[in-house]
Structures are given as C-alpha cells and as structure tokens.
Amino acid sequence: MQENDPYLSVAEIELTEHIINSTRAAGRKSRSSDASNHKNCHHYLKLLGVLTVAVGLLIKLDVRVDKELSTSAFDKELKVKGIVDTAAVFDDNEATANTVVDWRYMRWQLNETIQDNCIAGYRIAANTTLTCGRSVAHSDVTYLTQQHEGVNYCAGVEFQPNSCVEPMFGYWKAPEGNLSEISPLPRRFGIESYNDDKLALPRCKTMEQYLSNGTISRSGQFFPPKWVQSADNPTSLTNRLADYDREYVPATCSSIPLSPFLWTAQASCQTTITMYGDSPIRNLFMATVFGLRGYEMFAEAHASKESKENGIIYSYEWRLYHDGTADDRFEFHGGTDLKNSTYAVAHCSCDNKVKRCLRIFFVWAPKFLDQRNKFHYVKQWETDLLIVEPGNSYESRTIIDQHWMVDLNAQLASNPHLRLGILHFPWGQQPAEKRTEAIRLWVNNSSFGDRMAYMRQDEILFQPALQGRATFHFACGLGRVNVVNDIIEAAEPCTDRQDYSQIRALTTVLFDAFLDKTNF
C-alpha cells in the first residue's frame, strides 16, 4: 500500500464510537433489568448523561464540516448514530484541523508499485491486432473510437498493447489543493443527486417504493476532456455523451451512492456481499467493483467453457485503516479445486491497524442446483448481503425450484442479519412472467419478506440502449478472456449505467445488511 497523509481524526472518532456503544449497552441494560424502579431510574439517568456527552462531541466535530457541502437525510442519519468519519474526513494535523476532506472527493489510484497488477487474462497482448467493434444488435450505429495523447480508446476503455482492462490492486488518495478544483465523479455513481437538496429524503426501504414513479436523470458529464472527439463536429458526439452518464432517481426517497466509505460507515468491522449467478450477475459484480473505485469506463469478459466447468470465483476486498489510508484487492480464483470443495478466504479482523473491511464475492452458479451446491459459502464467508439470480435463461423450463427457495429461507432463518436480493434477467428462453409471479408470491408471503427484495432488470432501462451483444449484456464485453485480437462490442461509451442503477437499488433497499451486526 502506498503511503499518503492520514485524514482521520482517529482519537475523536473512536471516542465517539465508544460513547455510542456505551449508550447502546446502557439502553439494553435498562430495558432488560428486573431490579427496582429506583435502579431502572439510575440506568436511564446514566443513559441520558452519556447521550448528552455524545451529542456534545458530535456538535464539536460537526462544526468542522464545510458549510458549502450539502447534507442529505442519510448524512444526518449517520451523524445521529455517531458515525462521522464518512460524512467528513479530517486531517490529524492541528494546523489544518479546520480543513475538511469529504469522502466524495476521495479518488482511487492504481498501485503502480506492483509489477503485474492485472487480473489474469485481462492484459491486452503486445501482438494484439486491435479492433473496436460495433454492437451486433445495432450495426448501423457508429462505434466510438478515438485517440488521446497517443493512447487508443474504444468506447472510453484504454485499448492498446500491454494495457490492463481490469487491475487488481489500488488505493484511495486524499485530494491535494483546492477541493473546488477537483473534478466530481460521474453522476451515475449517485453523488450528484446525493448532494441535491431537493433529494434530501429518507432512504428507500422497499423495492416498490424505490421503483414507484422514479425518473432517469436528464444529464450528467464526462471527465477528462479526452471525450472531445472532434472540435469541428461537436454536435456529433460530445453533446450526446451526457446521455450516457445518467442515473435512476427515486421519486419519494433517496438512493445510496456507490462508495465503500459510505457503505461501511455503520459497520462494526467486516461487511460481506456474496453474489451467485451467470454473466448478468458477473456484470453486476464488475460494475460494483469499478463503481466503488469510481472508474469512468470498464470492460469485462466471458469466461471459457472449461473455466465455467471447473469453477469461477471473483473476490474483492476493500480495507480502511486507522491511519486514514484505504486500499483494495480484486482477484480471480479458478480451477478444479472449486468444483466440489470449499474455497477458504481470509477473515478480515479489525485490529489496531484495520478499521473496516468490505468484501464482495461472485460465484459462477447459473442454475438452481449450481447455487444450492455452493450455498455453503454464504455462512463460510459470513455473508451479510446475498444476491442471486433465479435461473434466468439457464433454467428454460423450470419456473422456480422449491428446494432453492427452501434453502434460501434456511439461510435467512439461520442468520437474522442476512439480507437477500433477487435480480432477475427476464430475457431469453425462460418462463419469465410465471417466474416473476412465483417469486413475488414467495417474497410477499415469506416471514422473511422484510429482509428480501426482488427486482427485474427491465424495471429500470436507459434509452437509447445500444450497448451489448445480441445477449443484451449491459457491460461492455471483450470477446474472449485471453484477449487476443478481441473486440469490445460497444455502440455507446462503456458506462454500464444499467448495472450501476441496479446494484444501487438493491443496496439501498437492503442497506440494513451494512449495519453493525451487534444490533441484530
């Protein structure tokens, strides 16, 4: 991990968290006590005193917050709970104690100290003949290729010999200089609406609420200026680019942005997301990883038949340290050992070095039985949020597998903190409407329904929808994993705004999965 200046006021934040934990303990003791009324009164007075100290400390910390930064309802919710290190990040240096570094300005950096910092198969071979292809479904649309400062790009993705499409290791860096000069992240990550006072609304709690009368944002922007393809013809491309940086905005509630700092703000230590499915869920996983990193454009690839048969797991881990630094690790795991055996991953133990962790896994398991055979990972990896697909077009005949539902119910019953998201890709050869009806009936009548969310991927669609192959993938794809003479099939920039909108919907509605486990 590359060194950079600490930006957390660790002592004050830990003291605040200690006070909040003491408050919770005092409250639990007061509620459960069978002692006399006098003793109960003593506990409540103690609780009131601790709350007074906590509020005083929070006010002290809050006065540092930059008045120009708007505060959403969710920010206020974090501060009430005593979590202040994500709403505003502070420098430990007393001379600059009034300088606020907001988490929304943190930027991911490639760790260049690692020699071969690239997922296996995603470094473009030096002898590759580069071709930026057209979408099969929209061959009449001009594909986007351009060169900027001697670098070739295809739909925004660097595409030239020896470039890496998917790097493994990186870190977050605090900004230098004037915050007003730092380019904001693209809108589709949710930062713009999060800062919008008009959208300072309570968090969406159900998928029905999230999807009811929502709108697609009208415009966004692209950074950096490499997107200016032709100064002589600015209307052909540059004016259209904003159409590809849009987000879905709920009508009556707020959506959580893509940020590892924000996602883990209320976690006790480790938070784990596990995803099961085929390529649409892999698209979702990749979009989640690159969205958390703040990537503008990315491409991913289909795995080979042999890899799928042997077993595929992708893992991502983000760590926040007490000294204020943060880094991440993105890896591919494959081989015959995954076929029938468990795959062990390191538990992230918070200590005097590590403050919080976010882990995300993708398991290739397209069929109901494939998932059931690998559901042991849910418990083994201490999963907080489980995201699955309901067979999609791999299950062309079976409407729903009752044993699959029973197994998922068992997972929810065994872990009161676990949340379940079901993301349905309804296209292709499958009984989509009957499957939708069956899943909604299950979710609506389940005793665990308040911890479940179901969403079809066609419930939020962006227009124009020109990206992808005939299989309607939303993420830009490389033709083969080995990336030899490959094609990024894209008739629009590789933003994958579709998957970003869907992971934000699931994590917003199921955000209790990210809360401190001691509350459950």
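Me: In this predicted model, what makes W108, F189, F285, F290, Y295, F298, Y314, F330, F332, F362 and Y500 a cluster?

Reply: These residues are linked to one another by ring pairs, and a ring pair requires centres that lie within 6.5 Å. The structure holds 26 aromatic pairs.

Me: Why is the pair of W172 and F261 called edge-to-face?

Reply: The ring centres of W172 and F261 are 6.2 Å apart and their planes stand at 85 degrees; rings pair when their centres lie within 6.5 Å, and planes over 60 degrees apart count as edge-to-face, so that is the name the pair receives.

Me: What makes this pair a tie between separate parts of the sequence?

Reply: W172 belongs to strand 7 (residues 169–173) and F261 to helix 7 (residues 260–263), so the pair joins parts that are 89 residues apart in sequence. Both W172 and F261 are buried.

Me: Which residues have the most contacts inside the largest nonpolar core?

Reply: They are W263, M275, F285 and I488, in a core of 80 residues, to which helix 8 (residues 279–293) gives the most, with 8 residues. Leaving aside neighbours within four places in sequence, I488 is in contact with residues including T131, C154, F159, A299 and C494.

Key:
Residues are numbered from 1 along each chain as its sequence is written. This is a predicted model: local features need pLDDT of at least 70, side-chain atom pairs count only at pLDDT 80 or more; totals for chains, interfaces and linings use all residues. Side-chain values use heavy atoms; hydrogens and water are left out. Rings of Phe, Tyr and Trp (its six-membered ring) pair if their centres lie within 6.5 Å; planes under 30 degrees apart count as stacked, over 60 as edge-to-face and the rest as tilted. Helices (H or I, at least four residues) and strands (E, at least two) are DSSP runs, numbered from the N terminus. Buried means under 20% relative accessible area, exposed over 50%, partly exposed in between (1.4 Å probe, protein chains only). A nonpolar core is a set of buried Ala, Val, Leu, Ile, Met, Phe, Trp, Tyr and Cys residues joined through side-chain atoms within 4.5 Å. Contact means heavy atoms within 4.5 Å.
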